[in-house]
Amino acid sequence: MLRVLHELHLSHSKLFQSLDRVLRRTEGITTAHQVIMFVLSFEDDLPSSEVARRTGHSKSRLTGLVNTLEELGMVVRGASSSDGRVSILSLTEEGRQLVARTKEGPREINQRILAPFSEQEQQVIARFLRQVRDIASSIETKR
């Protein structure tokens, strides 16, 4: 029987370790940082809680990642004009340049992963991955 959880774990670990090594070497960031920057490149000036939600990071994990991005000059934090307790995240020009330099990488990796599969098989893979997310969302409520 296929051990789905084990295979997902190994695949995720190997893929993101490799991607992180490349990004650290070339840009000084990890994929977790890159995802934050990609979110902000689509919609800038977002509350940190919304960035956490869109990236799948906890608020505490996001704080550490944003601290690093701020130190690197890629992101700035500002206070919300309506609620000073809310941090608003924005890309700097340097952050925008990094996004432009690195945006093709994920596309190429997606293409390489999916290349051996037909369109129909890719649709099944997409359905499988949505099912994994749905199951993951329901695990805590079922226990």
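Asp45 lies in the loop between α2 and β1; helices here are DSSP runs of H or I with at least four residues, strands are runs of E with at least two, and both are numbered from the N terminus. Asp45 is not a glycine, yet has a positive phi of about 60°. For context, most residues other than glycine have a negative phi.

This is a predicted model, in which local features need pLDDT of at least 70 and side-chain atom pairs count only at pLDDT 80 or more, while totals for chains, interfaces and linings use all residues. Residues are numbered from 1 along each chain as its sequence is written, and side-chain values use heavy atoms, with hydrogens and water left out.

**From Asp45 to Ser90**

The side chain of Asp45 makes a polar contact of 2.3 Å with the side chain of Ser90. A polar contact is a pair of N or O atoms within 3.5 Å; within protein, one must be able to donate a hydrogen and the other to accept it, and residues adjacent in sequence count only if both atoms are side-chain atoms. Ser90 lies in strand β3 and is buried, with a relative accessible area of 12%. Buried means under 20% relative accessible area, exposed means over 50%, and partly exposed is in between, using a 1.4 Å probe and protein chains only. Leaving out residues up to four places away in sequence, Ser90 touches Leu40, Asp44, Asp45, Met74, Val75 and Val76; a contact means heavy atoms within 4.5 Å.

**The sheet and its helices**

Strand β3 belongs to an open sheet of three strands, with the order β1-β3-β2 and antiparallel pairing. Two strands count as paired if DSSP finds at least two bridges between them. The edge strands, each pairing on one side only, are β1 (46-47) and β2 (75-79). Five antiparallel bridges link β2 with β3 (residues 87-91), and Val76 stands opposite Ser90 in β3.

Two helices deserve a look here. Helix α2 (residues 31-42) packs on the sheet and touches β1, β2 and β3, its direction making about 90° with that of β3. Helix α4 (residues 59-71) also packs on the sheet, touching β2 and β3, and its direction makes about 115° with that of β2. Axes are lines fitted to C-alpha atoms, for helices over the stretch in contact, and the angles run from 0 to 180 degrees between N-to-C directions.

**The nonpolar core**

The largest nonpolar core has 21 residues, and Met37, Leu40 and Val75 have the most contacts inside it. Such a core is a set of buried Ala, Val, Leu, Ile, Met, Phe, Trp, Tyr and Cys residues joined through side-chain atoms within 4.5 Å. At least two residues of this core come from each of α2, α3 (48-55), α4, β3 and α5 (93-102), and α2 gives the most, with six residues.

**Thr30 and the two ends of the chain**

Thr30 sits in the loop between α1 (4-27) and α2. Its side chain joins that of His33 in a polar contact of 2.9 Å.

Val4 lies in helix α1, while Phe128 is in helix α7 (residues 119-142). Leaving aside neighbours within four places in sequence, Phe128 is in contact with Val4 and Leu8. The C-alpha atoms of Val4 and Val132 are separated by 9.8 Å, although these residues are 128 apart along the chain.

Here is how three of these residues stand in accessibility:

| Residue | Relative accessibility | Class |
|---|---|---|
| Thr30 | 10% | buried |
| Val4 | 31% | partly exposed |
| Phe128 | 36% | partly exposed |

**The chain as a whole**

The protein chain has seven helices and three strands, running α-α-β-α-α-β-β-α-α-α from the N terminus. Its C-alpha atoms fill a box of roughly 55 × 40 × 25 Å along the principal axes. Of the 143 residues, 25% are buried. Among contacts between residues at least 6 apart in sequence, 47% join residues at least 24 apart.
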